[in-house]
Amino acid sequence: QTEIYGQGALMGIRPTVTTDPRLLEEQARKSLGVRSFNYVSGGAGEKATMDSNRLAFRQWKLIPRMMRNMEKQDVSIELFGQKYDNPLIMAPVGVQSLFHEDKETGLAEACAEVGVPYTLSTASTSSIEDVASASGDGKRWYQLYWPQDNEITASLLKRAKENGYSVLVVTLDTWSLAWRPADLDNAYIPFIKGVGNQVGFSDPVFRAKFEKESGTTVEDDIVGASRAWLADVFSGRAHTWDDLAFLREQWEGPIVLKGIQHVDDAKKALECGCDGIVVSNHGGRQVDGAIGSLEALPEIVDAVGDKMTVLFDSGIRTGVDVIKALCLGAQAVLVARPVIYGLSIDGRNGAKQVLKGLLADLWQSMSLSGIQNVAECDRSKIRKVVYGG
Ligand code: FNR
């Protein structure tokens, strides 16, 4: 934060991306076409879950402590036996070429530069291999949209493993596309079609199958290939708990289930031998009228937090939001839209500004609250308050 204040307030250098979380979305709107903007800013139904995500944060308030020695302030954490510089993780976000030509490779590079792990989506517009080289020594995780076809799943996981992705994040809440009016009204499928053949359906096993079944190539029938891919991945048929055994056979590293909201599902994930969960409602993009994701966190932490890694996302906008989630028991948080807005406004440089800003805000807010490290984030520092009116 010294660097940001040093440059900005003292030397008069304005950031290209606003540091005000309330203005960021509006700035991104000006950089994007209407389809891309609606896609990233949109949510399910009337966006009631998105609203709840923010309201849930508003209901928790920090109680700052004074006159504490902050000389040893430290935001590093340990996850799955590895040290991480800070408790922030880039959430998986699909089709990033819609937002900027720097796309996944540029964002992965920016994440590596600021010490934030990059989670690559199955629906990416850069290949698993290209993102691995862009992220270099940076930590990278792989997010699976779980195909019905086991051979395709095995191929994706093999490529992820061979390319240094250390954690497998399996998204459970998107086995079917959701009711998202902004995408439906803007003809969502052509918009995926416009992305070309670089998304997940570029996988060699998928391609071979498609070519055999259709008698044509992916390049010659992008629409058909997109449809075949979507039909397999967002099939409308959910995997069930027993299917996890197959993933375990294919992946020796940590497996994290993303999209857990109910305490019984968290217990089930533990029972099935998963290493972690992400308490998440997909940023309010799947089920409208659901509880705010933060609302689900404390109960889930109480049930499984001492036996498995509990991560959190949906609604993180500021450093204080990160602290609140940590105080309620998350070990780290994922963030999506703010970083994508930064990417939209100024490419990898813009994404980097948002990430650095969030980290600086986290550092500063922790120190001003008298919290020296992540282990000190606990429920004694936070209170649920509902102001009336
Ligand atoms: C997402 N998200 C998502 N999740 C996932 O597991 N795979 C994916 O490909 C995507 N794609 C995606 C695209 C866009 C445009 C958005 C905004 C989100 C969900 C994401 O990982 C995360 O769960 C939420 O977005 C977190 O909420 P915030 O930080 O956006 O409020």
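**Helix and sheet chat**

A: In helix 11, Ala225, Ser226, Trp229, Asp232 and Val233 are buried, meaning 20 or more other C-beta atoms within 10 Å of their own, with 12 or fewer for exposed, partly exposed in between, and C-beta atoms placed from the backbone. This is a predicted model, where local features need pLDDT of at least 70, side-chain atom pairs count only at pLDDT 80 or more, and totals for chains, interfaces and linings use all residues. Residues are numbered from 1 along each chain as its sequence is written.

Q: Why do the buried residues of helix 11 line one face?
A: Seen down the axis, they fall within an arc of 135°, so they line one face of helix 11; the arc is that of the directions from the helix axis to the C-beta atoms.

Q: And which exposed residues does the face turned away carry?
A: Val223 and Ala231.

Q: Switching to strand 7, how many of its residues are buried?
A: Five of the five, residues 167-171, so strand 7 is largely enclosed by the rest of the structure. Helices (H or I, at least four residues) and strands (E, at least two) are DSSP runs, numbered from the N terminus.

Q: Which way do they point from strand 7?
A: Val167, Val169 and Thr171 point one way, Leu168 and Val170 the other way.

Q: What joins strand 7 to strand 8?
A: Four bridges, and the two run parallel. Thr171 has Lys258 in strand 8 as its bridge partner.

Conventions. Pairing = 2+ DSSP bridges.
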